[in-house]
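Here is a friendly walk through a two-chain model, written to be read with the viewer open. Shall we see what the backbone has to tell us?

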Amino acid sequence: MKITRHDVEHVARLARLRFSEDQLDLFTDQLNTILTDFDKLQQLDTTGVEPSTHAVNLSNAFRDDQVRPSLAGEEALKNAPAHERSCFKVPRIIEG
Amino acid sequence: MTKALYQMTIHELHELLKKKAVSALEITQAVYQRIDAVEPRVHAYITLTREAALKQAAAADEKTKQGTIPPLTGIPLAIKDLLCTAGIRTTCGSKILEQFIPPYDATVVRRLKEQHAVLVGKTNMDEFAMGSSTETSCFGPTANPWDLERVPGGSSGGSAAAVAADECIAALGTDTGGSIRQPAACCGIVGMKPTYGRVSRFGLIAFASSLDQIGPMTKDVTDTALLMNYISGHDPRDSTAVNREVPDYTRALIPEAKGLRLGVPREYFGASGIDPEVEKAVWEALRILERQGATLTEITLPHTEYAVAAYYLIAPAEASSNLARYDGVKYGYRHPGETDLRDMYEITRAEGFGAEVKRRIMLGTYALSAGYYDAYYRKASQVRTLIRQDFEEAFKACDLIVTPTAPTPPFRLGEKLNNPLQMYLSDIFTIPANLAGLPGISIPCGLSSRGLPIGLQIIGNLFEEEKIIHGAYCLEQNSDWHLTKPSLA
């Protein structure tokens with residue numbers, strides 16, 4: 001077993017996902033199949049190989065820091081499920 | 001038999017528009033008539049923008065009256081539904097973005113509008129571009145116009161099917177692990193993934209940011225060159241869009257292949273899971289190129305067999321981070337009525353995402369989590385370096401690498417849906433180019449005995465799209481697969 005049902009529950013919490021009991025079983029099973037296959041990577045000796053995080057090497061792209069118009073607050077809030085005045089509205093997070 | 005307007009290419013229609021033999025409005029109306037006739041069977045689109053398109057066509061006709069027009073003016077194009085379109089909903093094939101209306105255009109969309117192209121609609125896709133069959137869309141699957149029981153490939157399956165079924169003149173797709181090239185192969189059209197950094201990703205809804213790239217999906221190679229001319233180039237809004245001159249890609253449309261050195265990687269042929277009919281069609285195409293003056297060299301890309309595993313750790317890792325933004329707060333779906341923030345997050349995401357997206361978020365979160373980072377994410381990133389080095393070495397001996405695009409012709413709807421690993425292997429030949437950032441094209445190279453399209457892939461070195469277009473055009477001009485159309489009977 002690469003990954004247990006308990007691990008799947010833990011990872012789901014990290015990822016802010018929630019699964020039913022049936023789904024937990026299915027995902028445990030599928031993730032095991034996938035990760036077992038991916039174990040072939042461990043056959044490769046990668047000692048001293050630099051990891052690539054990008055395909056094309058890029059250095060920083062600098063530009064002058066100029067003030068320019070950006071998205072209006074009203075526009076930015078248009079797609080929000082809930083908002084009040086100029087804020088996104090979420091369920092209460094502080095008790096009291 | 002003369003071609004109907006909707007069957008024509010960009011360059012054919014441009015000639016007619018220039019001569020004022022036809023109007024953009026007539027072309028656009030013809031395309032919508034075609035959509036009305038076949039869309040109920042194909043389901044290539046999520047959203048059609050008929051009213052706006054007719055206005056854009058009228059505006060294009062005004063431009064034509066004023067003088068000479070550039071090649072995209074008045075041409076009806078379709079846009080994959082993960083490229084933002086101001087005021088037009090952009091869903092990414094997901095319930096979580098079902099009602100999302102972007103406040104701005106993606107840079108590529110803006111560029112097409114500046115050319116007075118006509119935007120027909122937003123095409124169907126696998127949810128968040130995660131899939132190889134367009135079956136994970138929350139709006140239901142798209143059918144392959146060559147055989148309605150089969151998948152159009154994915155994730156840009158809607159764009160590919162729309163082009164193949166003549167429901168648009170050309171389209172844009174995106175390619176993270178093959179999502180332009182594999183559906184292009186499945187639907188018998190041309191699809192190109194440019195070099196990472198050639199086209200701005202601003203306004204592309206991110207899946208895996210180090211791999212995603214936008215590209216053309218067209219009826220022939222000339223149209224791909226034309227679209228590349230207008231979508232490529234630097235963009236201050238995407239710091240990875242390289243500041244490098246954009247050549248006129250149509251100058252690479254050369255019908256003979258003299259001097260082109262083609263590399264044939266031994267790992268891509270005779271591999272398990274590859275259909276012999278696919279292999280045969282690719283070899284026949286290679287012989288055509290050889291007769292046109294190309295030389296063939298056997299090359300080796302020794303780490304090919306590790307590419308799928310590396311990709312399906314790296315891409316989900318990046319996705320798990322990119323998709324953290326869908327939390328029911330700023331935009332998108334929110335589970336109603338929840339009074340606890342954490343419950344709201346978890347139920348919103350549980351209801352808003354489909355199974356494949358969740359699977360990849362889980363895989364990616366696991367690969368990045370404490371204790372597993374080195375064994376999975378870091379290891380995969382090291383293998384990515386080895387794959388890049390394979391290509392660097394190979395391009396010392398050849399100009400272009402020629403392979404099959406997909407291991408099999410399009411499979412049946414539902415065939416791989418419950419077997420994620422089998423589905424992932426559909427991308428076996430396209431993934432390496434994404435990991436290495438290289439440009440690649442798929443062009444039609446034959447039909448299987450069942451009459452299903454087969455695609456040939458040409459991979460080039462970084463920023464060498466011109467050589468790819470040259471090779472692809474030569475093959476196209478010396479064969480007629482691009483003229484073979486689905487009957488949609």
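## Two chains, side by side

Chain A has a secondary structure of 3 helices and 2 strands, where helices (H or I, at least four residues) and strands (E, at least two) are DSSP runs, numbered from the N terminus. Reading from the N terminus, its elements follow the order α-α-α-β-β. Please keep in mind that this is a predicted model, in which local features need pLDDT of at least 70, side-chain atom pairs count only at pLDDT 80 or more, and totals for chains, interfaces and linings use all residues. Residues are numbered from 1 along each chain as its sequence is written, while chains are lettered from A and ligands numbered from 1 in the order in which they are written.

Chain B comes to 15 helices and 11 strands. The table sets out the two chains.

| Chain | Radius of gyration | Globule value | C-alpha extent along principal axes | Buried residues |
| A (96 residues) | 23 Å | near 12 Å | about 55 × 45 × 25 Å | 18% |

For chain A the compact globule would be near 12 Å, but the chain has 23 Å. A residue is buried if 20 or more other C-beta atoms lie within 10 Å of its own, exposed if 12 or fewer, and partly exposed in between, with C-beta atoms placed from the backbone.

How far can chain A be trusted? Its mean pLDDT is 92, and 99% of its residues reach 70 or more; pLDDT is the predictor's confidence in each residue, from 0 to 100. Among the elements of chain A, helix H3 (residues 73–77) has the lowest mean pLDDT (93), and helix H1 (residues 5–14) the highest (96).

## Where the chains meet

In the interface, 54 residues of chain B are in contact with 40 residues of chain A, contact being C-beta atoms, placed from the backbone, that lie within 7 Å. On the chain B side, at least two residues each come from helices H9 (307–322), H10 (341–352), H11 (355–368), H12 (374–394), H13 (420–424) and H14 (431–436). H12(B) gives the most, with 10 residues. By type, this side of chain B holds 29 nonpolar, 13 polar and 12 charged residues. Here Ala, Val, Leu, Ile, Met, Phe, Trp, Tyr, Cys and Pro count as nonpolar, Asp, Glu, Lys and Arg as charged, and the others, Gly among them, as polar.

Within chain B, 76% of the contacts between residues at least 6 apart in sequence join residues at least 24 apart.

Which residues of H8(B) are buried? They are B:Val278, B:Ala281, B:Val282, B:Ala285 and B:Leu289. Seen down the helix axis, these buried residues fall within an arc of 95°, so they line one face of H8(B); the arc is that of the directions from the helix axis to the C-beta atoms. Their cover includes strands E7 (261–265), E9 (400–404), E10 (440–447) and E11 (453–460) and helix H15 (465–477) of chain B. On the face turned away from the buried side sit the exposed residues B:Pro276, B:Arg287 and B:Arg291. After H8(B) comes B:Gly293, with a positive phi near 110°.

## Backbone details in the loops

In chain B, the loop between strand E3 (118–123) and helix H5 (157–164) holds B:Ser155, which a cis peptide bond joins to B:Gly154, with omega about 10°. B:Ala129 lies in the loop between E3 and H5 too; its phi is positive, near 65°, in a residue other than glycine. With 30 C-beta neighbours inside 10 Å, B:Ala129 counts as buried.

B:Asp166, in the loop between H5 and strand E4 (170–175) of chain B, has a positive phi near 60°. B:Asp166 counts as buried, with 24 C-beta neighbours inside 10 Å.

Finally, B:Glu98 lies in the loop between strand E2 (76–80) and helix H4 (107–114) of chain B. Its 16 C-beta neighbours inside 10 Å make B:Glu98 partly exposed. Leaving out residues up to four places away in sequence, B:Glu98 touches B:Thr91 and B:Tyr333. B:Glu98 and B:Tyr333 are 235 residues apart in sequence, yet 7.4 Å apart in space, C-alpha to C-alpha.

Definitions and conventions:
Two residues are in contact if their C-beta atoms, placed from the backbone, lie within 7 Å. The radius of gyration is taken over C-alpha atoms; the globule rule is 2.2 Å times the number of residues to the power 0.38.
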